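Colleague: Please take me through this model with the sequence at hand. I would like to begin with the backbone and then turn to the contacts.

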Amino acid sequence: MNLYVGKMLIVDLATTSVSTEPLRLDWTKDYRGAWGLALRYYCDAVKPEVDPLSSENVIVIMTGPLGGTLVPLASRLCLVSKSPHTGTIFESNIGGAFGPELKYAGYDGIIIKGRAAAPVFLKIADGCATLESAELLIGRGIFETEKLLEAEIGSPDAKCLAIGPAAENLITFSMIGSESYRQFGRGGTGALFGSKNLKGIVCRGTGAISVADMGGFLERVNHYKNNDLMTEDNLWAKTDGTPILVEVTNEMGIHPTKNYTRGFNGRKEKLNSEAIQAAKLGDRACFACPMACGKFTRVNSAEIEGPEYETLCLAGSNCEINDLEAVIRFNRLCDDLGLDTMSCGSTISLAMEMTETGRHDFNLHFGQVDEYLKVIYEIATLSTDRGRDLAMGAKKLAAKYGAEDLSMEVKGLEMPAYEPRGNYGMGIAYATSERGACHLRAFPIFTPDPFNIDALVTEVVNAQNANGIKWSMGFCDFWGTMNSETEADLLTIGLGEEVTAAELDRAGERIWNLSRLFNLRAGFTAADDTLPKKVMERPLEEGAAAGRVFSREDLAVAMDSYYRVRGWDEQGVPSQEKRIELGLDQLLKEDLS
Amino acid sequence: MKKQLFANPDNCTGCNRCTLVCAAIKEGVFQPDKGRLKINNFPLRGYSVPSICFQCPKANCLEACPTAALYRDSDGVVLVNQDLCTSCGACVSACTYGMVELDGNGTAFKCDLCGGDPACVKECPADALLFEPGDPELIRLRAAQMKCRTISGSPNDKRRAMAEIMMKKARA
């Protein structure tokens, strides 16, 4: 078989049985791989009402068709399930090399069902998968767990997916780590593993991936790499990596500062790309990526690959921790204990504002490093009152103390580091993403007019559809000039069969609509397509967008327009015509009448 | 001066484009494990070390071969004549850098420098692999790497042993 391996690994933890089944080739045509294909498998495996942390929930992990080949930036691995943090369906993807390793070991993806009676890990070695006791790994951080899993399989070249204590404690913004500093970061992936008593997966694969015409394939890969990828639009990733966004967003006035009170950080030079370059020891790459956007840094004895932009802002500026060493230490603790730095940073900044405005005293203050670092361990281990409080995440923390006006989340997912009051497009993207406030579905920050709602609605819809297929191909966000023509060309030559851009465009729209149908069936309504109170009511301070809100009225206009452009009814439900057009009329068919 | 292959781990990002292109050209598939060079990644310390064949002037692999399946061409490159290989594995044990291995059929395979135009070097995006006469600094670096010999263990163990020495020095 070309590009795909042709086999899925099925793991039933309840019966500790492992089996394989052929890849559903009838689904690959409509969903391609990674996000889309995982979503299709997931919708076939569970009812939308499923409790995310119950044994009935299922986790689908899927590679993309180009993963493990020389196509650059195409080896990301997707995880689809229902999020314990938001209750929505969600997708999270990870870079590094676990995805390719899984394909070399003989599997396109893994479906994980049930719950193990005692802690286990999954060991995959070239077509042989077994479940082993993880009793001795319990309580250990991700860094140590990965090392021990490599020893278990007897190869330092093995790749791991592992959880730390935060996930064992079912914290709903815990994550799964790999190769120390890469994560399935958002939505509580870690708690999903934790709820299944699955401490990790270790994989070693030495097999091969075939393409229809190697000579032609290599020629096309070189062409796109040299003439499209390695060009001005994308080279920021090689030179600077994501920290370049610190200056960009500050200039736009959309750089969250002091728990999203301000859009500009007057001390940004402490955390910007120049600061990272000054601390940099080397560049780090995901598998087959010539960009190497990861910047490995060290300040005093603290070293890490990163911090990335979201962490620099949400755990830096937004907590007024304008201190790179402190942010590196924060990042490293989160990466090892297993917490999403974005949700964790945002929840801590909320607790800081709650403390300083007298809502509740967590002994956390803006700019105060010691307690900020101390509380991370308390969250991950649930060892103090404030640790247990913050472990709920921003939405529940605010609800407990009546501070809903201060928390910044959509559908329970803490907001990324782009202020919607200074760019309405980001607000529309946050309000409509299937997993809550997310910047990886649409990213309209470079739009000509950040307050033109009609134009932004169209831009957001187009980006969501394009990313639907881009993430399903396993591509990384940072190939910014990628399009469905290029994707179709690479698939055609790799598979040896014609794939058109129009098919892929349609697949992207299909994936978006299927996620929407799932969420509606899971109980979400148009009322959930909203933004935090703070965004709608409290004017932003400082910077280019000072004085702005994204008002309820403007958001209502935007959502009406969004549903119309999508072909959904006024309640945000995909119309019967749209469902038939996308071939979704037979899926989840009993959900909506 | 004659061109040689150099590996500069300080520049290596760990991307593995070199191993991918090597196996694609030599085997016709994407299979890093069959690359004629290897990348040792140390993600926690943010460091990667390429393992390359040095085409040793005094080549243990060549000397160990009982059937003269390994031989040196006029450019000094050590090559394998597959027709003469009896799969005895003596070359694999003899190489102290872990750079000769046996394929699925039991035949020895190793780096042949692509006939003087190595694909890995062209694919490397970070100048971690170089094919040139080499300045004094590169020649010193290569000499230091060649001093890291491991007598026993699997090829992977031997590669890893040298890589660990390089990594610990760089990340001290």
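Colleague: Is A:Asn300 buried or exposed?

Modeller: Around A:Asn300 there are 9 other C-beta atoms within 10 Å. With C-beta atoms placed from the backbone, 20 or more others within 10 Å make a residue buried, 12 or fewer make it exposed, and a count in between makes it partly exposed. By that count A:Asn300 is exposed.

Colleague: Before we go on, how should I read the model and its labels?

Modeller: This is a predicted model, in which local features need pLDDT of at least 70 and side-chain atom pairs count only at pLDDT 80 or more, while totals for chains, interfaces and linings use all residues. Residues are numbered from 1 along each chain as its sequence is written, and chains are lettered from A, with ligands numbered from 1, in the order in which they are written.

Colleague: What phi does A:Asn300 have?

Modeller: A:Asn300 sits in the loop between strand S14 (294-299) and S15 of chain A, where strands (E, at least two residues) and helices (H or I, at least four) are DSSP runs numbered from the N terminus. Although A:Asn300 is not a glycine, its phi is positive, at about 55 degrees.

Colleague: And is A:Lys411, which also has a positive phi, buried or exposed?

Modeller: A:Lys411 belongs to the loop between strand S16 (409-410) and strand S17 (413-414) of chain A, and its phi is about 55 degrees although it is not a glycine. Because 24 other C-beta atoms lie within 10 Å of it, A:Lys411 is buried.

Colleague: Which helix gives the most to the side of domain 1 of chain A that touches domain 2 of chain A?

Modeller: An automatic or database domain assignment gives chain A domain 1 (7-204), domain 2 (240-408) and domain 3 (420-581). In contact, meaning C-beta atoms placed from the backbone within 7 Å, are 29 residues of domain 1 of chain A and 23 residues of domain 2 of chain A. Helix H4 (142-153) and helix H5 (165-168) of chain A each supply at least two residues of the domain 1 side. The most, 3 residues, comes from H5(A).

Colleague: Which helix of chain B supplies the largest share of the side that touches chain A?

Modeller: The contact between the chains involves 21 residues from chain B and 29 residues from chain A. On the chain B side, the largest share, 4 residues, is contributed by helix H1 (residues 17-27) of chain B.

Terms used
Contact = placed C-beta atoms within 7 Å.
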